[in-house]
Amino acid sequence: MDQRELESRVKALTKSVAANDPPENAIRLLESLKKDAKPTEEMLRATKAGVFVAKLRANPNKEIARSAAELVIKWKKLVEQEKASRAQRSKMGSPASAPASSPVAPAGSAAGAKKAFTGDPEKRSYKLDGVELKRTGSSVRDSCIGLIYNGLAFRSTESADDVLAKSVAVEHAVYVEFKEHEGEGYKKKVRSLFSNLKTKSNKDLGRRVMSGVISPDKFAKMSDEELKSEDQRKKEMELEKENMKRAQVPMAEKSISDSLECSRCKMKKVSYTQAQTRSADEPMTTFCECMNCGNRWKFS
């Protein structure tokens with residue numbers, strides 16, 4: 001079961017419990033998760049599945065509470081095994097084998113490379129950090145890893161090794177998302193991620209990616225709207241509202257049309273004005289008012 005399927009089943013479980021559906025529905029979903037799901041620690045963090053299932057241990061229905069408790073125990077064991085496996089590989093110095101198309105994982109650097117960055121985090125780049133980017137055998141992909149590194153390192157005090165490891169994982173996720181093709185779509189997506197990471201009003205984005213709250217796979221699929229911070233969305237909404245207010249000009253400045261028909265009274269005595277309420281590449285919004293019945297509407 002991949003992350004998307006895990007997230008889908010947990011959402012279904014959430015809805016079932018919130019809607020007070022018959023207990024059998026929730027129990028069936030919990031049993032399917034117990035049987036089919038083997039999530040990694042990163043998947044559990046990204047989907048918050050563990051948090052929700054853990055809450056169900058206090059459910060009034062004893063069967064739901066029991067199934068939830070068993071599932072939590074199973075997932076804890078999986079995470080512990082994952083951590084133990086990572087620790088063992090680290091001791092042996094043999095990283096897990098990667099898929100054929102995935103970039104080579106960053107090799108351990110000189111002593112002290114894992115220490116937190118202590119310079120000016122706003123001036124960080126892979127060049128200043130002395131990072132070697134040759135990971136994939138492709139100059140295009142390696143350059144994209146560098147661009148992502150510059151975005152993730154901006155205002156970050158994480159070690160160079162940690163930033164590079166995350167950059168490699170993100171680039172690989174984007175590469176897979178675009179069918180392992182180094183085309184314009186792939187490059188445009190990398191540039192979009194970099195641009196959003198470097199936006200000063202979006203300072204939490206890089207932290208969420210580095211901490212694992214946003215997994216590389218999810219980050220690679222996020223739209224431009226999803227990448228925006230809450231502050232950015234609020235500012236854009238306020239700007240649209242302000243533009244709409246400005247569009248409500250006095251009647252003397254409005255034009256009268258005999259081609260527009262009021263949907264309420266069917267008269268063709270309509271005053272209108274136009275304004276650019278959204279971005280410049282979007283069509284203008286037309287604000288209409290019927291001179292006969294006072295009905296108001298707008299269209300783009």
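Helices H6 and H8 cross each other in a left-handed way, meaning that the near helix is turned anticlockwise from the far one by less than a right angle (clockwise would be right-handed). This is a predicted model, where local features need pLDDT of at least 70, side-chain atom pairs count only at pLDDT 80 or more, and totals for chains, interfaces and linings use all residues. Residues are numbered from 1 along each chain as its sequence is written, and side-chain values use heavy atoms, with hydrogens and water left out. The protein has twelve helices and four strands; these are DSSP runs numbered from the N terminus, with helices being H or I of at least four residues and strands E of at least two.

**How H6 meets H8**
- The axes of H6 (residues 139-153) and H8 (residues 184-198) come within 8 Å and cross at roughly 15 degrees. Axes here are lines fitted to C-alpha atoms, for helices over the stretch in contact, with angles from 0 to 180 degrees between N-to-C directions.
- That angle makes H6 roughly parallel to H8 (under 35 degrees is roughly parallel, over 145 roughly antiparallel, 65 to 115 roughly perpendicular, and the rest oblique).
- On the H6 side, the residues making the contact include Val140, Cys144, Leu147 and Ile148, while the H8 side includes Tyr186, Val190, Phe194 and Leu197. Contact means heavy atoms within 4.5 Å.
- Sorted by class, this contact of H6 with H8 has nine nonpolar, two polar and four charged residues. Ala, Val, Leu, Ile, Met, Phe, Trp, Tyr, Cys and Pro count as nonpolar, Asp, Glu, Lys and Arg as charged, and the others, Gly among them, as polar.

**H6 up close**
- H6 has 15 residues and reaches 21 Å from its first C-alpha to its last, close to the 21 Å expected at 1.5 Å a residue. The expected span is 1.5 Å times one less than the number of residues.
- Eleven of the 15 residues of H6 are buried, so the rest of the structure largely encloses this helix. Buried means under 20% relative accessible area, exposed over 50%, and partly exposed in between, using a 1.4 Å probe and protein chains only.
- H7, H8 and H9 are among what covers the buried residues of H6.

**H7 and its serine**
- Ser167 sits in H7 and counts as buried, at 0% relative accessibility.
- Leaving aside neighbours within four places in sequence, Ser167 touches Ile145, Ile148, Tyr149 and Leu152.

- Most residues other than glycine have a negative phi.
- Arg155 isn't a glycine, yet has a positive phi of about 65 degrees. Arg155 lies in the loop between H6 and H7 and is partly exposed, at 25% relative accessible area.
- Glu180, in the loop between H7 and H8, has a positive phi near 55 degrees. Glu180 is partly exposed too, with a relative accessible area of 40%.
- Lys179, which follows H7, also has a positive phi, near 60 degrees.

**The whole protein, and one lysine**
- Buried residues make up 36% of the 300 residues.
- Among contacts with a separation of 6 or more, 60% join residues 24 or more positions apart.
- Lys15 lies in H1 (residues 3-18) and is exposed, with a relative accessible area of 62%.
- Lys15 and Ala26 are eleven residues apart in sequence, and their C-alpha atoms are 9.3 Å apart in space.
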